[in-house]
Amino acid sequence: MTILVTGGAGYIGSHTCVELLQKGYEVIIADNFFNSSQDVPDRIAKISGRRPKVYELDVADGPTLERVFAENSIDAVIHFAGLKAVGESCQIPLRYYRNNLDSTLTLLETMEAHGCNKLVFSSSATVYGPKNESPYTEDMPTSATNPYGWTKVMIEQILRDYCAANKDFSAVLLRYFNPIGAHESGLLGDDPNGIPNNLMPYVARVAAGQLPKLTVFGDDYPTRDGTCLRDYLHVVDLAKGHISALEYAESHTGAEAFNLGTGDGVSVLELVNAFQKVNGVPVPYAIGGRREGDLAEVYADPTRAHEALRWTAEKTVDDMCRDAWHFICTRQAEG
Ligand code: NAD
Ligand code: UFG
């Protein structure tokens, strides 16, 4: 089977390409490398022993995407391509709506023209919005608090409408919780440009001495230690969830959402302490004020993914901390 992976050079996409290649799928990456490095396909090939085909393109560029479908017989698409920084999406909302919506619409039109009818989409726990309470279940109402989140809510709706009109189409909407960690080889991981927004890459850079200290955003939440709880899952477990989703799409039609998380909430301080203990490195931190928009508790009810996809996250928080540290040390050694 040949799988087109949009955004396949990115953090989650690259790990998913490794899993796909190791399972024997043919892989085609379509990425504009806006938020990823040109050497990622080589790294994927080094780990998996097989080389993905790569097209450097913007998924919203219809004629170029058309060429990809004309040149290859594509059986299914995993659609990771998108902009993902919550804060930035509030500053430049049009860019987020244009990129995330246009790329999805162009992709669907091109798939339709070529009779390709299986799609796995990168959605997010952010679609549960501020009003639902954890643990989140897939049938809760969706909403958002920022343009990034709205693009996910809107794309989910587009896919539901498309499936309602096209009965042989399958759209699997994967709602990721907080993917962290890296490939155990140290060759792939989360390597954001500039100062990281997210907790784990920030912690890793503090531990590596690249940043002076972590600011913990608030310790006055109604949680067991006052810091926010999140459902952290290892990116390799998440990547494997996409193989399960593809298998599901083989035998089901319609649009269906699945939470991909562990079901456990881990606090900011618990994650920082685990990182220090597992890796034997200090992570200096100070308690700061709350970050606007943060929720006290975000964790999944992953029952539907367990039962329908037969997928369960297996790796521990210690695995996530160890692999994130190995990745940053490998990066530093590479210079
Ligand atoms: P990433 O930025 O590392 O990867 C996205 C990739 O898509 C990048 O390589 C980027 O260059 C590419 N891209 C963006 N727009 C494109 C376009 N128009 N055409 C071609 N390529 C384009 O992000 P990630 O963390 O791997 O996330 C992948 C997907 O998962 C995104 O849709 C994101 O919104 C979603 N998601 C991520 C998280 C997370 O915490 N990382 C959580 C929930 C959902
Ligand atoms: N945090 C800190 N200090 C930091 C960074 C983060 O204390 O320097 C805290 C945050 O306050 C939060 C936790 O660490 O309590 C996790 O924060 P992240 O930014 O790593 O992750 P979020 O849960 O805020 O956001 C993630 C994705 C979003 C997605 C959201 C959905 O990054 O794209 O999950 O729930 F929308």
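Predicted model: local features only at pLDDT ≥ 70, side-chain atom pairs only at ≥ 80, totals over all residues.
**Ground rules.** I kept local features only at pLDDT of at least 70 and side-chain atom pairs at pLDDT 80 or more, while totals for chains, interfaces and linings use all residues. Residues count from 1 along each chain as its sequence is written, chains are lettered from A and ligands numbered from 1 in the order written, and side-chain values use heavy atoms, without hydrogens and water.

**Rings.** I looked up aromatic pairs, meaning Phe, Tyr or Trp (six-membered ring) centres within 6.5 Å, stacked if the planes are under 30 degrees apart, edge-to-face if over 60 and tilted for the rest. I got 6 pairs. Tyr128 and Tyr136 are stacked, at 4.5 Å between centres and 20° between planes. Tyr136 and Phe177 are 41 residues apart, both in loops.

**Thr227.** Is Thr227 buried or exposed? It is buried, at 0% relative accessible area. For polar contacts I took N or O pairs within 3.5 Å, with one donor and one acceptor of hydrogen within protein, and sequence neighbours only if both atoms are side-chain atoms. The side chain of Thr227 meets that of Asp225 at 2.8 Å, and a polar atom of the Thr227 side chain lies 3.2 Å from the backbone nitrogen of Val268.

Key. Helix = DSSP H or I, 4+ residues; strand = E, 2+ residues; numbered from the N terminus. Buried < 20%, exposed > 50% of the residue type's maximum accessible area, 1.4 Å probe, protein only.
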